[in-house]
Amino acid sequence: MIELKTPFSEEEIRNLKAGDIIKLSGTLYTARDAAHKRMCESIESGDKLKFDPKGQGIYYVGPSPAKPGEVIGSAGPTTSYRMDDLTLPLLENGLKVMIGKGKRADKVIQGMKKYNAVYLVAIGGAGAYISNCIKECEVIDYEDLGAEALRKLKVEDMILTVCIDSEGNNLYEQTK
């Protein structure tokens, strides 16, 4: 198991291989399709995002509301292909890690190879388990989107699998 802390270095990303198991700690950002659309519009218009994507990771999740006394509700991964048309601008701006579930489009994989990024998968259906790794949660933009708002998370020991590495090796393809 490889222990990683955010932010991610170019070398750390380059050394990850499809099939590696990761224990991740540090800051992650959350965004789904609606937030991605707004982030891409901001990038296109030259506006600054509420976080700098350089060396960072985005977890594709729309968490359920937190119960009293809890940091976050269930936080299982969202199907990643819904962000495929909105991913390249973030990779171009230094995003290094994407976390979700399911396959990615070829254009995203080519972008990962070009910009040295990886795609990690979390276990679908394990949202309650994953939420135990989230120690802090703060909405930082797009509050009107509710569950799809842009959030900043602090995570500890989040277990993930490298599905697609920065060379384009794809665990889904290797296990056919």
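Which residue forms a salt bridge with D85, and how far apart are the closest N and O atoms? The partner is K107, and the closest N and O atoms of the two are 2.4 Å apart, a salt bridge being a side-chain nitrogen of Lys or Arg within 4 Å of a carboxyl oxygen of Asp or Glu. The pair links distant parts of the chain, since K107 sits in helix α4 (residues 106-115) and D85 in the loop between β3 and α3, 22 residues apart. Helices (H or I, at least four residues) and strands (E, at least two) are DSSP runs, numbered from the N terminus.

The model is a predicted one, in which local features need pLDDT of at least 70 and side-chain atom pairs count only at pLDDT 80 or more, while totals for chains, interfaces and linings use all residues. Residues are numbered from 1 along each chain as its sequence is written, and side-chain values use heavy atoms, with hydrogens and water left out.

**Salt bridges**

A search of the whole structure finds eight salt bridges, including the three in this table.

| Pair | Closest N to O distance |
|---|---|
| K107 and D85 | 2.4 Å |
| E10 and R14 | 4.0 Å |

E10 and R14, by contrast, both belong to helix α1 (residues 10-15), where they are four residues apart, about one turn of the helix. With a relative accessible area of 38%, E10 is partly exposed, and R14, at 43%, is partly exposed as well; buried means under 20% relative accessible area, exposed over 50%, and partly exposed in between (1.4 Å probe, protein chains only).

**Strands β2 and β7**

E156, which lies in strand β7, is partly exposed, with a relative accessible area of 46%. S25, found in strand β2 (residues 21-30), is buried, with a relative accessible area of 12%. A polar atom of the side chain of S25 lies 3.0 Å from the backbone nitrogen of D157, where a polar contact is a pair of N or O atoms within 3.5 Å; within protein, one must be able to donate a hydrogen and the other to accept it, and residues adjacent in sequence count only if both atoms are side-chain atoms.
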